[in-house]
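Here is a briefing on one protein model. Look over the sequence and the coordinates first, then read the points below.

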Amino acid sequence: MLKGKTAVVTGSTSGIGFGIAVALAEQGANIMLNGFGEAGAIEALRLGLERDFGVKAAYNGGDLSQADACTALIAEAEAAFGCVDILVNNVGIQHVAPTQDFPAERWDLILAINLSSYFHTMRAALPGMQARGWGRIVNTASVHGLVASTGKAAYVAAKHGVVGLTKVVALENAEADITCNAICPGWVDTPLVQAQIQARATAVGGTVEDGKRALLGEKQPSKRFATPGDIGALVTFLCSPAAHNITGTALPVDGGWTAQ
Ligand code: NAD
């Protein structure tokens with residue numbers, strides 16, 4: 001379905017981002033990976049995509065807390081593959097602390113990575129999409145783009161910002177065949193939530209599995225984690241012809257969290 005298209009997926013050396021990269025490569029898209037990690041492990045991921053799906057895959061290690069690195073990521077993908085047809089903004093970090101104790105530098109970093117990088121990459125990728133008259137932008141927001149939880153001032157502010165930014169870009173490009181949507185996952189079992197699982201395990205005086213049960217039981221009625229593959233499948237659908245009229249939405253994948 002996506003053969004010959006190019007997809008940039010930010011924060012794709014791990015977790016949800018890599019799940020999205022796999023799903024898009026499975027549909028034939030060439031992939032620009034981005035994120036941190038050990039060089040050998042990242043090269044194995046890149047080679048695995050090329051081997052398993054017969055696509056081209058490249059890697060950019062830019063630190064997306066920096067605006068210049070966001071612009072350079074898009075430029076590098078355009079130079080390597082000729083264009084960027086699909087942009088998945090997925091990079092994100094977390095820090096949990098009450099607002100009065102929240103370190104100001106963590107606030108700045110979370111806003112830069114979880115929100116501003118999404119603006120900088122879209123700003124760089126949109127002219128090419130507009131010139132070619134086709135584009136798909138998917139932003140990984142969160143249930144925390146729709147509702148709040150305690151201890152997550154920067155994350156909740158950034159994710160609500162992503163939902164708003166998504167709507168603006170959708171409206172500005174509504175007449176072109178360029179859509180922009182946000183996905184709002186509840187709990188997905190990835191490295192990003194390991195510290196929160198461990199904190200919950202400690203609080204209940206139990207194992208990691210007890211920590212997971214406590215985390216899910218509090219907010220996610222399905223009591224099941226979503227998987228990176230679940231999110232990848234939704235991104236693939238949003239890139240399909242059937243989704244051409246879905247734009248400006250914030251789609252929960254949250255086991256009923258935000259239905260409560
Ligand atoms: P993860 O920690 O597994 O992956 C984060 C990725 O971002 C990694 O590839 C990491 O190397 C990269 N990264 C971090 N800082 C970076 C930087 N400055 N520059 C470039 N790359 C950087 O986390 P995840 O759970 O897969 O999260 C992916 C996205 O999904 C995030 O936006 C997160 O907020 C969102 N999300 C996660 C959950 C969940 O339960 N895991 C729920 C809702 C939303």
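This is a predicted model: local features need pLDDT of at least 70, side-chain atom pairs count only at pLDDT 80 or more; totals for chains, interfaces and linings use all residues.

The protein splits into two parts: domain 1 (6-186 + 227-252) and domain 2 (189-225). Between these domains, about 600 Å² is buried.

**Overall form**
- The protein has eight helices and seven strands.
- Its radius of gyration is 18 Å, close to the 18 Å that the globule rule gives for 260 residues, so the protein is as compact as a globular protein of that length.
- Along the principal axes, the C-alpha atoms fill a box of roughly 55 × 40 × 35 Å.

**Domain layout**
- Domain 1 is written as two segments, 6-186 and 227-252, while domain 2 covers 189-225.
- The C-alpha centres of domain 1 and domain 2 are 25 Å apart.

**Domain interface**
- On the domain 1 side, 14 residues are in contact with seven residues of domain 2.
- Interface size is often quoted as the accessible area lost when the parts come together.
- Here domain 1 and domain 2 bury about 600 Å² between them, with 55% of it on carbon and sulfur atoms.
- By class, the side of domain 1 that touches domain 2 has six nonpolar, seven polar and one charged residues.
- Two residue pairs are in polar contact across the interface of domain 1 and domain 2, both at pLDDT 80 or more.

**Charge pairing**
- Side chains of opposite charge can pair when their charged atoms come close.
- The structure holds nine salt bridges.

Notes. Residues are numbered from 1 along each chain as its sequence is written. Side-chain values use heavy atoms; hydrogens and water are left out. Domain bounds come from an automatic or database domain assignment. Contact means heavy atoms within 4.5 Å. Buried area is the accessible area (1.4 Å probe) that two parts lose on being put together, summed over both. A polar contact is a pair of N or O atoms within 3.5 Å; within protein, one must be able to donate a hydrogen and the other to accept it, and residues adjacent in sequence count only if both atoms are side-chain atoms. Ala, Val, Leu, Ile, Met, Phe, Trp, Tyr, Cys and Pro count as nonpolar, Asp, Glu, Lys and Arg as charged, and the others, Gly among them, as polar. Helices (H or I, at least four residues) and strands (E, at least two) are DSSP runs, numbered from the N terminus. The radius of gyration is taken over C-alpha atoms; the globule rule is 2.2 Å times the number of residues to the power 0.38. A salt bridge is a side-chain nitrogen of Lys or Arg within 4 Å of a carboxyl oxygen of Asp or Glu.
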